[in-house]
Amino acid sequence: MIVDTHCHLDDARFDEDLDAVIERAKEAGVKAFIIPGADPDTLDKASKIAEKYDEVFYAAGVHPYDISKYDEAFLAKHLEHPKCIAVGECGLDYYRLPEDEAERHENIAEQKRVFAAQIELAKRFGKPLIVHIRDASADSLQMLLEYEAGKVGGVLHCYNADEQLLKLADHGFYYGIGGVLTFKNAKKLPHVLPKIPEDRLVVETDAPYLTPHPYRGKRNEPAYTKLVVEKMAKILQMGVDETEILTTRNATRLFEPLAILGLI
């Protein structure tokens, strides 16, 4: 049993064969799927997918690249949906900041404003966060602590293996492990993985992105969570079944509405 805690099933690359993608995932042992709300433009589409499939849930949020689209009333409307179970994917991403210094500072300030607003939104609705962090670990850590995000907890999507973020395990946060763990050139994440408390590990694909080895270069899909689990089990010296049970139990603890599926 596996929960893919982060898969963009609302991406256009799944439009033609979503039924088949979900069926392949179920055959591989995936029992639940969570669509992160990265782009408000596809949120209505995500909600319709969640309504169609019992095993699919979704989140409402704005990715750092789309902060200009932040509309709190629109997100709040979705957060009232029974299958909308988290806020995000939201956070800070300094990887593609403007070159102009003034514009860079302005962009960072706006990212922080929108991130803070979504933390407050999560607390208002009592739903966990799905957090995106890229090249912004120190500021993200500071904000999550300053704004008391631990009141709702959440998951660090595509955990970047920055060890300073491990302290968030004591504040209700989990660590999303995906295809990067399987990459042949991956060094940092395999090294840090055993340092993460076992009861804070969850599995994700980020499909259609970050496809695990040996399928790199092809479209990622939830069925490939099995490859992540197998690599995780090998590093942690655990059985594959044991790792599936562990990460599923963790996912259902964080995302409580998954309990309706009776996974654990």
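Biologist: What covers the buried residues of helix 3?

Modeller: The cover includes helix 2 (43–52), strand 3 (56–60), strand 4 and helix 4 (101–125). Helices (H or I, at least four residues) and strands (E, at least two) are DSSP runs, numbered from the N terminus. To cover something here is to be in contact with it, that is, to have heavy atoms within 4.5 Å. This is a predicted model, in which local features need pLDDT of at least 70 and side-chain atom pairs count only at pLDDT 80 or more, while totals for chains, interfaces and linings use all residues. Residues are numbered from 1 along each chain as its sequence is written, and side-chain values use heavy atoms, with hydrogens and water left out.

Biologist: Which residues in helix 3 are buried?

Modeller: Leu75, Ala76, His78 and Leu79 are buried. They cover an arc of only 160° around the axis, which puts them on the same side of helix 3. The arc is that of the directions from the helix axis to the C-beta atoms. Buried means under 20% relative accessible area, exposed over 50%, and partly exposed in between (1.4 Å probe, protein chains only).

Biologist: And which residues are exposed on the other side?

Modeller: Ala73 and Lys77 are exposed there.

Biologist: Which residue caps the N-terminal end of helix 3?

Modeller: Asp71 does so, with a side-chain oxygen 3.2 Å from the backbone nitrogen of Ala73. The criterion is that of a polar contact: a pair of N or O atoms within 3.5 Å, where within protein one must be able to donate a hydrogen and the other to accept it, and residues adjacent in sequence count only if both atoms are side-chain atoms.

Biologist: Now Lys83. Where is Lys83 found?

Modeller: Lys83 is in the loop between helix 3 (72–79) and strand 4 (84–93). Lys83 is buried yet has no salt bridge, and the nearest side chain of opposite charge, Asp54, is 5.2 Å away. A salt bridge is a side-chain nitrogen of Lys or Arg within 4 Å of a carboxyl oxygen of Asp or Glu. For charge, Lys and Arg count as positive and Asp and Glu as negative, whereas His and the chain ends are not counted.

Biologist: Which backbone oxygen lies 2.8 Å from a polar atom of the side chain of Lys83?

Modeller: There are two such cases: the backbone oxygen of Ala50 lies at 2.8 Å, and the backbone oxygen of Tyr53 also lies 2.8 Å from a polar atom of that side chain. Leaving out residues up to four places away in sequence, Lys83 touches Ala50, Tyr53, Asp54, Glu55, Val56, Phe57 and Tyr58.

Biologist: How many salt bridges does a search of the whole structure find?

Modeller: The search finds 18. One of them pairs Asp41 with Lys69 (2.8 Å, N to O). This pair links distant parts of the chain, 28 residues apart: Asp41 in the loop between strand 2 (30–35) and helix 2, and Lys69 in the loop between strand 3 and helix 3. Asp41 is exposed, with a relative accessible area of 58%, and Lys69 is partly exposed at 30%.

Biologist: Where do Glu244 and Lys226 lie, given that their side chains meet in a salt bridge?

Modeller: Their salt bridge spans 2.5 Å, N to O. The pair links distant parts of the chain, with Glu244 in helix 8 (residues 240–254) and Lys226 in helix 7, 18 residues apart. Glu244 is buried, with a relative accessible area of 5%, whereas Lys226 is partly exposed at 26%. Elsewhere, salt bridges that share partners join Asp17, Arg24, Arg219 and Glu221 into one network.

Biologist: Turning to the cysteines, how many disulfides does a search of the whole structure find?

Modeller: The search finds zero, a disulfide being a pair of cysteine sulfur atoms within 2.5 Å. The sulfur of Cys7 is 14 Å from the closest cysteine sulfur, in Cys158, too far for a bond. Cys90 is in no disulfide either, as the nearest cysteine sulfur, that of Cys84, is 12 Å away.

Biologist: Which peptide bond is cis, with omega near 10°?

Modeller: The bond from Ala207 to Pro208 is cis, with omega near 10°. A cis peptide bond also joins His213 and Pro214, with omega about 10°. Pro208 is in the loop between strand 8 (201–203) and helix 7 (225–236), and Pro214 is found in the loop between strand 8 and helix 7.
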